[in-house]
Amino acid sequence: MLRAVAGLGRLTLSLVAEIGRMLIFTLEVLSHLVRPPFYPREFGQAVLAVGWQSLPVVGLTALFTGGALALQIYAGGARFSAEELVPQIVAVGMVRELGPVLVGLMIAARVTSSIAAEIATMKVTEQIDALVTLSTHPMKYLTLPRVLAAMLTVPVLVAVGDVIGIFGGYVVGTWRLGFNPAGYLKNTVDFLETLDIVSSLAKGAAFGLLAALAGCYFGMRSSRGAQGVGRATKSAVVAASVLILAANFILTEVFFSA
Amino acid sequence: MIRLSGVQKSFGENHVLRGVDLEVGRGESCVVIGGSGTGKSVVLKCILGLVTPDAGTIEVDGQDVTRVSRDPFLARFGMLFQGAALFDSLPVWQNVGFRLLRGEKARPRREARDIAIEKLRRVGLGPEVADRYPAELSGGMQKRVGLARAIAADPEIIFFDEPTTGLDPIMAGVINELIREIVTELGVTAVTITHDMTSVRSIADRVAMLHGGKIRWTGPVSEIDSAGDPYLDQFVQGRAEGPIETLR
Ligand SMILES: Nc1ncnc2c1ncn2[C@@H]1O[C@H](COP(=O)(O)OP(=O)(O)O)[C@@H](O)[C@H]1O
Ligand SMILES: [Mg+2]
């Protein structure tokens, strides 16, 4: 019993220490935001890798989720004869919650893992050391472009996801559930508020930041060997997912608790 | 020019360096030998500041390396890493010209590419490899690209970590000659790590043997056969029997 408590205590302590280290890492990354040199080429590549290449995954995820959401709301709403609310609830559900969260988790799966694996491999093959000897700061050259790219492009991905998700609901609503196409769209547009959209994009920026930071952080701290790379990647994806869901809760509280 | 005194470094329980004293003069070619895992690479990394020693001081030109401004300091060095450490996201010529393409003294891409191709030629690689990616090259070719990168920006001090490991004997001979040439013609200061006694004899002015976390023996290359140090003898002659413990 005592040992279990001690174990729990140690776990908590190491978790707190880890969060502290991540925070310091974050501050360090951000401090490079204002200090040249900058690497626009690396930033451009990161935008392509994070944003452009994630579009198919994001689109498909949002499409299916929007469709399924419409079906569920219709079925659930029918019990209270509230099935005509499908467009409004799909819109709010997608924009406020599912769009950002699903895109965030997809980014954690796709982008965090690849950043972590790439940087960890660079670390264990001494490429990071080589960068340093070539007078190039790994934080500026590797971390900052990726973090910045994720922060700026994930909101765009979220916007795309929101639209496609709503479209998924629209397709199911009009083809399967007998909604009037024009009425569906009008209800969607009328119901959404500016705050919904702002919160959606803000969540996207926050999740992008967390996803890229986690990838870089665990990659840079990778221990040696192939096992080190595997562990770094796994830790990065788990941390990014949990952090994204926790941040989602906090941001929802901030935006909508009033 | 490079002076290490009392340098110690441990990784956890693993006490790798236990007080390394080493001096390398300007324009001198010093070869560090020693069994694998004795910390030879760690010594080089300490000098470059990639690893922070636990104790001791390292000076370059009389200045403590922990107090110098990093960028100008590192600009004086070229380093060939043991595993070549090429950037796999960049084609070969951009690896070689990495330093030429960035920083205050950055050159136009065209010019950097020409220099890179010239350096590749010096290590025995043709211009056709310039646009390939490191992963498409054999280990020996990667090593040579790493060598080309180390010499690309004409540094004053070059560290070669096992430059001939993994090369066929002919290519190893070419690399040995190249290193010798760089040192004598350009007056570069070189520190080379190697296990290869042929390399030692063709590259070294001075030899230092690392054993047990310290420099066990150091002296001119002409004396390695007559030094009478049992550890050095065992290493030079490659005997399994001797004071150096071998695990079997
Ligand atoms: N970054 C590091 N973290 C932990 N251990 C290390 C690190 N770098 C080197 N070591 C350990 O230090 C010892 C010496 O390594 P190294 O200098 O690479 O040997 P070598 O003489 O073959 O070049 C080895 O036992 C290695 O495991
Ligand atoms: Mg080594």
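In the predicted model, the side chains of strand 7 of chain B are divided between two directions: B:Ile157, B:Phe159 and B:Asp161 point one way, B:Ile158 and B:Phe160 point the other way, and all are buried. In a regular strand, side chains alternate between the two faces of the sheet. Because five of the five residues of strand 7 (residues 157-161) of chain B are buried, this strand is largely enclosed by the rest of the structure.

Strand 7 of chain B is paired with strand 6 (residues 77-80) of chain B through four bridges, and these two strands run parallel. Within this pairing, B:Phe160 is the bridge partner of B:Leu80. Five bridges, also in the parallel sense, join strand 7 of chain B to strand 8 (residues 189-193) of chain B. Here B:Phe160 has B:Thr192 as its bridge partner in strand 8 of chain B.

The magnesium ion (ligand 2) is coordinated by B:Ser41 through OG and by B:Gln82 through OE1, at 2.0 to 2.1 Å. B:Ser41 belongs to helix 1 (residues 40-48) of chain B, and B:Gln82 to the loop between strand 6 and helix 3 (92-96) of chain B, so the pair ties together parts that are 41 residues apart in sequence. B:Ser41 is buried, with a relative accessible area of 18%, whereas B:Gln82 is partly exposed, with a value of 34%.

According to the unreviewed UniProt entry, the annotation "domain: ABC transporter" covers residues 2-237 of chain B. This span is 36% helix and 26% strand, and its end C-alpha atoms lie 29 Å apart.

How values were computed: Residues numbered from 1 in each chain as written. Chains lettered and ligands numbered in written order. Predicted model: local features only at pLDDT ≥ 70, side-chain atom pairs only at ≥ 80, totals over all residues. Heavy atoms only, no water. UniProt positions renumbered as here; feature names shortened; annotations may be inferred. Buried < 20%, exposed > 50% of the residue type's maximum accessible area, 1.4 Å probe, protein only. Pairing = 2+ DSSP bridges. Donors = N, O, S within 2.8 Å, 3.2 Å for Na, K, Ca; no water.
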